[in-house]
Amino acid sequence: MRRDIQPNERAFTTKEVAEELEIATPTVRKYGQILERNGYEFLKDGDRRIFVQSDIGALIALRDTDKPLDDTAKGAVYQQRERLKDSNETDIALPDTYENVPHDPNQLKDALKYVVQELAATREMNVQLTNDMSQLKTTVSRLQQDHHAISSSIGNTAQKTNVKIENFTKQQKDFYETLLEQEKNHYEDLLQQEKQKSELLQKDIKSMREEQVKEWRSQNDFNKRLEEAIQKPKEKRGGLFSLFRK
């Protein structure tokens, strides 16, 4: 049992340690296995290691060493055992209170009563601490479950977002293809309309040319008759005026 943990000392997960040391998560697990193989103790929640600051120091030693990892791990184990030894040694100062022990039975009774009350208070405090530790473990377990749920939710949300992006991209592609098709059809319609207008214009021009030819032939025929009428003798020029009556 480790007794080198300071009150309210922060605990780190494997992922947090990997980010802190800028190494891969599998590397953190590998270093942990090497340390445990050489006798190092970790706090654990089931099969999961929980790291404190002194553990991070041991991992840094493995990360930065040029020696074999097992040799460095043994050094870390030695340092941990020294810390545990120091935490287990308690120097209790026992003042010479024999002279101060009350000889009056009533005073002695009051003193014993006080000691009993203090022991009861200490026992109650220990029970409270045990309950607090149990609640803390429950809270940590619930937080881990919440973290797993949040991670799963984030993963599902990211997947849904990617699907939406893919669908949106497909919709954009379909929209542009539809727009291009509409533009193509519109352009073809305009070409068809221009073709029809051109055909009508060609017909009108042809009709005008035919009318001009008829008019030109009629005028030419009239000029010939007029010239013939002018060349006839005077007595026959009466027919000249008949040309204008036609």
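I looked up the accessible surface of the protein chain first: it comes to about 20800 Å², of which 53% belongs to carbon and sulfur atoms. Accessible areas come from the Shrake-Rupley method with a 1.4 Å probe, and for residues only the protein chains shown count as cover. I note that this is a predicted model, where local features need pLDDT of at least 70, side-chain atom pairs count only at pLDDT 80 or more, and totals for chains, interfaces and linings use all residues. Residues are numbered from 1 along each chain as its sequence is written, and side-chain values use heavy atoms, with hydrogens and water left out.

**Entry: the whole chain**

I read 6 helices and 2 strands in the protein chain; these are DSSP runs numbered from the N terminus, helices being H or I with at least four residues and strands E with at least two. Along the sequence I wrote down the pattern α-α-β-β-α-α-α-α. Of the 246 residues, 13% count as buried (under 20% relative accessible area; exposed is over 50%, partly exposed in between, with a 1.4 Å probe and protein chains only). I also looked up contacts (heavy atoms within 4.5 Å): among those with a separation of 6 or more, 60% are between residues 24 or more positions apart.

**Entry: the rings**

I found 2 aromatic pairs. Rings of Phe, Tyr and Trp (its six-membered ring) pair if their centres lie within 6.5 Å; planes under 30 degrees apart count as stacked, over 60 as edge-to-face and the rest as tilted. Tyr40 and Phe42 have ring centres 4.9 Å apart and planes at 50 degrees, so I logged the pair as tilted. For Phe42 and Phe51 the centres are 5.3 Å apart and the planes at 70 degrees, so that pair is edge-to-face.

**Entry: Gln53**

I placed Gln53 in helix H3, residues 53–64. Gln53 is partly exposed, with a relative accessible area of 48%. Leaving out residues up to four places away in sequence, Gln53 touches Glu9 and Phe12. The C-alpha atoms of Gln53 and Arg10 are separated by 7.6 Å, although the two residues are 43 apart along the chain.

**Entry: Met133**

I found Met133 in helix H5, residues 105–231. Its relative accessible area is 47%, so I noted Met133 as partly exposed.
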